[in-house]
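Hi everyone, thanks for coming.

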Amino acid sequence: MTQRVQDLADRGERRDCLDQAWAPWIAACGGVAVAVPNRLADPAAFVGDLDLDALVLTGGNDLAHLPDAQNTAPERDATETALLGLATDIALPVLAVCRGMQMLVSHWGGTLQRVDGHVGTPHAVQRFGDEWPLRPGPVNSFHDWGIAPSSVGPTLTVLAVAPDQTVEAVAHPFHPQVGIMWHPERPEPDPVDHELLCQLLERRR
């Protein structure tokens with residue numbers, strides 16, 4: 001699991017952080033959450049040596065390359081870029097959540113835009129296809145950056161959109177990589193999100 005970066009300037013610290021809700025959410029799927037630090041010399045080697053079953057890109061932090069981005073963490077961007085490269089090379093399943101989905105879209109050539117009305121505002125979703133289990137909605141929403149269907153890039157497939165037509169879920173057509181804009185670990189957890197992770201794990205080769 002990747003971690004958000006919290007900058008405590010008054011203490012001269014940059015901390016890697018992971019919501020405590022993630023550990024029991026992963027445990028409910030029969031797994032153990034392993035946190036990946038953001039300042040490793042070789043994050044791909046670190047994860048490869050652990051022989052993990054899946055990669056979860058969690059929420060938090062704007063991508064540093066976005067215009068007027070706030071609370072950025074270039075070291076995290078570099079870590080997740082390296083891990084997505086590894087995941088693609090070894091068919092490691094990826095569940096990308098909120099900022100994680102933004103990173104996934106950016107990694108595969110898509111672009112992001114600022115959106116309004118997506119912070120602390122649950123909303124419905126419209127689904128497309130049934131290859132992956134997705135909660136029927138409403139879903140929670142905690143992001144300032146979104147993706148238009150025309151901006152997901154040439155590779156990813158749109159799985160769901162919000163009422164304003166911004167993208168809420170994507171998947172890679174060949175690799176076991178799925179992104180969702182809602183937080184499955186936050187109340188109230190939906191069992192369908194666990195089904196999604198289980199199906200991703202079944203793609204592990």
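Let's start with a term: a residue is called buried when its relative accessible area is under 20%, exposed when it is over 50%, and partly exposed in between, using a 1.4 Å probe and protein chains only. What we have here is a predicted model, where local features need pLDDT of at least 70, side-chain atom pairs count only at pLDDT 80 or more, and totals for chains, interfaces and linings use all residues. Residues are numbered from 1 along each chain as its sequence is written, and side-chain values use heavy atoms, with hydrogens and water left out.

One more term: helices (H or I, at least four residues) and strands (E, at least two) are DSSP runs, numbered from the N terminus.

Now, some background. Most residues other than glycine have a negative phi, and most peptide bonds are trans.

With that in mind, please find C98. This residue is not a glycine, yet its phi is positive, about 55 degrees. C98 lies in the loop between β4 (94-97) and α4 (99-107), and it counts as buried because its relative accessibility is 4%.

Next, N61. Its phi is also positive, near 70 degrees. You'll find N61 in the loop between β3 (55-57) and α3 (74-90), and at 7% relative accessibility it counts as buried.

Where are the cis peptide bonds I'd like to show you? One runs from G137 to P138, with omega near 0 degrees; P138 sits in the loop between β6 (126-127) and β7 (145-146). Another joins P187 to E188, with omega near -15 degrees, and E188 belongs to the loop between β10 (177-180) and α5 (191-202).
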